[in-house]
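This report covers one protein model.

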Amino acid sequence: MKAWAKEQKIEGTMVKFFADPTSELTRALDVELTHPGPTAVLGPGRCKRFAMLFDQGILKSIQISETPDNPTDGNLELSLAPNMLKEAQK
């Protein structure tokens, strides 16, 4: 995760990356990718694309990028920075 943060130039910022190698958090958040198309290629236990916004440790927003036809990134703009900034202003 450190290498990815460095590559994305967020190392040392308030943005945090977390690993979930056993999918424990993925299942607890109910964001496990179960659609047969992607899981046939990626395997089980994968996470949907999402972003979460916390304020003072309290979850304020979770945005999941999916549609019924495209469960991996069908509504990609939901989890991207511009939308999350809008969510932060609410």
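## Strand pairing

Two strands pair if DSSP finds at least two bridges between them. Helices (H or I, at least four residues) and strands (E, at least two) are DSSP runs, numbered from the N terminus. The model is predicted: local features need pLDDT of at least 70, side-chain atom pairs count only at pLDDT 80 or more, and totals for chains, interfaces and linings use all residues. Residues are numbered from 1 along each chain as its sequence is written, and side-chain values use heavy atoms, with hydrogens and water left out.

β1 and β2 run antiparallel, joined by six bridges. Phe54 stands opposite Leu59 in β2. The hairpin of β1 and β2 has two residues between the strands.

## Overall fold

The protein has four helices and two strands. Along the sequence they follow the pattern α-α-α-β-β-α. The C-alpha trace spans about 35 × 30 × 25 Å along its principal axes.

Of the 90 residues, 20% are buried. Buried means under 20% relative accessible area, exposed over 50%, and partly exposed in between (1.4 Å probe, protein chains only). Contact means heavy atoms within 4.5 Å. Among contacts between residues at least 6 apart in sequence, 23% join residues at least 24 apart.

## Helix α4

Which residues of α4 are buried? In this helix, residues 81–89, they are Asn83, Met84 and Glu87. They sit on the same side of α4 because they cover an arc of only 100 degrees around the axis. That arc is taken from the directions from the helix axis to the C-beta atoms. An α-helix has 3.6 residues a turn, so residues three or four places apart point the same way. On the other side of α4, Ala81, Pro82, Leu85, Lys86 and Gln89 are exposed.

The cover over the buried residues of α4 includes β1 (50–55) and β2 (58–64). Glu87 counts as buried because its relative accessibility is 14%. Leaving aside neighbours within four places in sequence, Glu87 is in contact with Leu53, Ser61 and Gln63.

## The largest pocket

A 1 Å grid is laid over the protein atoms alone; a pocket is an open set of points where a 1.4 Å probe fits, with protein on both sides within 12 Å along at least five of seven lines, and lining residues have an atom within 4 Å of a point. Grid points are joined across faces, edges and corners, and a volume is the space filled by probe spheres set on the points.

The largest pocket holds about 1,400 Å³ of space. Of its 29 lining residues, the closest to the centre are Lys16, Phe17, Phe50, Ala51 and Met52. α2 (24–28), β1 and α4 each supply at least two residues of the lining. β1 gives the most, with five. By class, the lining has 22 nonpolar, three polar and four charged residues. Here Ala, Val, Leu, Ile, Met, Phe, Trp, Tyr, Cys and Pro count as nonpolar, Asp, Glu, Lys and Arg as charged, and the others, Gly among them, as polar.

## Positive phi angles

Most residues other than glycine have a negative phi. Ser23 has a positive phi of about 60 degrees although it is not a glycine. Ser23 lies in the loop between α1 (2–7) and α2. At 6% relative accessibility, Ser23 is buried.

Gln56 is not a glycine either, and its phi is positive, about 55 degrees. Gln56 belongs to the loop between β1 and β2. Is Gln56 buried or exposed? Gln56 is exposed, with a relative accessible area of 76%.
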